[in-house]
Protein chains: 2
Amino acid sequence: MLTIGKLGASAGVKVPTIRYYEQIGLLPEAERSAGNQRLYSQKALERLAFIRHARDLGFTLEAIRDLLSLSDQPDQPCAAADAIVIAQLAEVESRLARLGALKVELQRILTQCAGGKIANCRVIEALGDHSLCATDHRYPDLGATI
Amino acid sequence: MLTIGKLGASAGVKVPTIRYYEQIGLLPEAERSAGNQRLYSQKALERLAFIRHARDLGFTLEAIRDLLSLSDQPDQPCAAADAIVIAQLAEVESRLARLGALKVELQRILTQCAGGKIANCRVIEALGDHSLCATDHRYPDLGATI
DNA sequence: CCTTGAAGCTCTAGTTACTAGAGACATTAG
DNA sequence: CTAATGTCTCTAGTAACTAGAGCTTCAAGG
């Protein structure tokens, strides 16, 4: 049995984060020692490692919740799990495209600057006037991760 | 003079967002009509368009606050403005690199799945075990935009 | 056995950049 | 004049944690 500190170190997750995951029901309530401290099994470590890895891959906690509940039902077809991963891949690809456009635009803005005073700074001007943009990088705002 | 609705429509910013910007001091307090409604000048529209554009480019409100205060001091050298844009470009590039790695990893996970049952699903397994990863995509967590 | 320092506990509140909703007042079109 | 739309203030909620206060428990050294 692991204390919360050991568990966190093993999985690469901070201690308050583990308590947070328990609070929102992503991890089951931990067993407690005589002195009321949380104790974790190897299975709990696997579950936490799964969460950590999925977070690293940019999945939301909500998606992870779904993946975890799927993994608890081994006889279900895995199309549902696939779908979640496919959606995440689409999200990542769309974010890549947007960021690529932003990069180009920021580079373009920077080349405008000859290093003078703010008064004739092309950087500020370029930021102010969208019509100076080479590309259209206006997108509906998506709440974003990574 | 524009009402808040017209201003929002012109700049592509929602009405509550404008009030929020005023509340946090990013926009100055607006003039009011006899009936206490906010009224905006053309200058206010320009300032809001600047904010909107910079947000589109992924700048934080804090960075935008700095850019705005710089643009109010026309005789300062524009190196400070450049630095903010350069930092943002670096941020975008780092995020691009990470997302690229994530994309590869997600694709790899998906190719593992033969479409069976969860019990022998490689997708769930690949998510659970980081050591199955081709690349190391563990990065310190950065609060992220776009 | 006792002490001390690290690790654990609960609870509240803060972060970013908004968004949603309630209930009241203002303005405008027909 | 009325009805519909717009605007007002205020509070609270979102995601995914993080920080801090004030307390208790544990493990190791003397």
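Colleague: Which part of DNA strand D lies 3.0 Å from a polar side-chain atom of Thr3(B)?

Modeller: A phosphate oxygen. Keep in mind that this is a predicted model.

Colleague: Which elements give two or more residues to the surface near DNA strand D?

Modeller: Helix H2 (15–23) of chain A and helix H1 (4–11) of chain B. H2(A) gives the most, with three residues.

Colleague: And how many residues surround DNA strand D?

Modeller: There are 18, and the closest are Tyr21(A), Arg55(A), Gly5(B), Arg19(B) and Arg38(B).

Colleague: Now the protein-protein side. How do I read the area that chain B and chain A bury between them?

Modeller: Interface size is often given as the accessible area lost when the parts come together. Here chain B and chain A bury about 5200 Å², with 74% of that on carbon and sulfur atoms. Each chain puts in residues: 60 from chain B and 60 from chain A.

Colleague: How many salt bridges are counted between chain B and chain A?

Modeller: Two. In one of them, Lys103(B) meets Glu93(A) at 3.8 Å, N to O. On chain B, the elements giving two or more residues to this contact are helices H3 (42–56), H4 (61–71), H5 (79–111) and H6 (122–128). H5(B) brings the largest share, 20 residues. By class, chain B's side has 34 nonpolar, 14 polar and 12 charged residues.

Conventions
Residues are numbered from 1 along each chain as its sequence is written. Chains are lettered from A and ligands numbered from 1 in the order in which they are written. This is a predicted model: local features need pLDDT of at least 70, side-chain atom pairs count only at pLDDT 80 or more; totals for chains, interfaces and linings use all residues. Side-chain values use heavy atoms; hydrogens and water are left out. Contact means heavy atoms within 4.5 Å. Buried area is the accessible area (1.4 Å probe) that two parts lose on being put together, summed over both. A salt bridge is a side-chain nitrogen of Lys or Arg within 4 Å of a carboxyl oxygen of Asp or Glu. Helices (H or I, at least four residues) and strands (E, at least two) are DSSP runs, numbered from the N terminus. Ala, Val, Leu, Ile, Met, Phe, Trp, Tyr, Cys and Pro count as nonpolar, Asp, Glu, Lys and Arg as charged, and the others, Gly among them, as polar. A residue is near a molecule or strand if one of its heavy atoms lies within 4 Å of it. A polar contact is a pair of N or O atoms within 3.5 Å; within protein, one must be able to donate a hydrogen and the other to accept it, and residues adjacent in sequence count only if both atoms are side-chain atoms.
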